[in-house]
Amino acid sequence: MSGGGTETPVVCEAASGGGGGGKKKDSLGTAGSPAHLIIKDLGEIHSRLLDHRPVIQGETRYFVKEFEEKRGLREMRVLENLKNMIHETNEHTLPACRETMHDSLNHVLQRLQAATDSVCRLQQREQERNKKTFSHLCKTSLERSDLHFVIEKPCVMTI
């Protein structure tokens, strides 16, 4: 045990089925003999004291089971909270947001229509002003061209 090597369990020949010849003979006696019982007890003591695999496997299974149960409960709480948040959002928050957005959009559209009307009025005024200016310029230009025509006309006197 102390060397870290492999151990071979002590087994009697009758139990292992090995033996040298024709007739199988138990060197320690019959199956109910005290030596056989001692070896059996030693095997049980060895497995209980030195073979910890069943205990470790049991503890591991218990730990995994507890961890999964607690994790499952935690995840169930998280999922339940998410479900409640989604329900609240669908039932209360979304309709309120939709209504607020609709009201705000109507207000924005009204303001946009008012701005469009103002721009149209300004454009009409600008066009009228441009027409007046253009007609005034044309009138002034005609008057000047008439003056030039009159001024440039040679004076011819006939006697």
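**Notes on a Predicted Helical Chain**

Biologist: How many residues apart are Phe-63 and Phe-67, and in which helix?

Modeller: Phe-63 and Phe-67 are four residues apart in helix α3, so about one helical turn separates them. Helices here are DSSP runs of H or I with at least four residues, strands are runs of E with at least two, and both are numbered from the N terminus.

Biologist: What kind of model is this?

Modeller: It is a predicted model, in which local features need pLDDT of at least 70 and side-chain atom pairs count only at pLDDT 80 or more, while totals for chains, interfaces and linings use all residues. Residues are numbered from 1 along each chain as its sequence is written, and side-chain values use heavy atoms, with hydrogens and water left out.

Biologist: Back to the two rings: how many aromatic pairs does the structure hold?

Modeller: The structure holds one aromatic pair. The ring centres of Phe-63 and Phe-67 are 6.3 Å apart and their planes meet at 15 degrees, so this pair is stacked. Rings of Phe, Tyr and Trp (its six-membered ring) pair if their centres lie within 6.5 Å; planes under 30 degrees apart count as stacked, over 60 as edge-to-face, and the rest as tilted.

Biologist: Are those residues buried or exposed?

Modeller: Phe-63 is exposed, because its relative accessible area is 57%. Phe-67 counts as partly exposed, because its value is 43%. Buried means under 20% relative accessible area, exposed means over 50%, and partly exposed lies in between (1.4 Å probe, protein chains only).

Biologist: And how much of the chain is buried?

Modeller: Of the 159 residues in the chain, 2% are buried. The chain exposes about 15100 Å², of which carbon and sulfur atoms supply 61%. Accessible areas come from the Shrake-Rupley method with a 1.4 Å probe, and for residues only the protein chains shown count as cover.

Biologist: New topic. How many helices and strands are there?

Modeller: The chain has three helices and zero strands. From the N terminus on, its elements run α-α-α.

Biologist: Where is the confidence lowest, and where is it highest?

Modeller: Confidence is lowest in helix α1 (residues 13-16), with a mean of 42, and highest in α3, with 87. Over residues 1-25 the pLDDT is below 50, and this stretch has 13 contacts in the model beyond near neighbours in sequence. A contact means heavy atoms within 4.5 Å, and pLDDT is the predictor's confidence in each residue, from 0 to 100. For the chain, the mean pLDDT is 78, and 72% of the residues reach 70 or more.

Biologist: How many salt bridges does a search of the whole structure find?

Modeller: The search finds two. A salt bridge is a side-chain nitrogen of Lys or Arg within 4 Å of a carboxyl oxygen of Asp or Glu. One joins Glu-75 and Arg-71, at 3.0 Å from N to O. Another joins Arg-129 and Glu-126, at 3.3 Å from N to O.

Biologist: Where do Arg-129 and Glu-126 lie?

Modeller: Both Arg-129 and Glu-126 lie in helix α3, three residues apart, which is about one turn of the helix. Glu-75 and Arg-71 are also in helix α3, four residues apart, so they too are separated by about one helical turn.

Biologist: Finally, which residues make the nonpolar surface patch?

Modeller: Ile-38, Leu-42, Ile-45, Leu-49 and Leu-50 make a nonpolar patch of about 490 Å². Patches are made of residues with over 30% relative accessible area and no salt bridge: like charges are joined within 9 Å, and nonpolar side chains (Val, Leu, Ile, Met, Phe, Trp, Tyr) within 5 Å. Leu-50 lies in the loop between α2 (34-49) and α3 (53-152).
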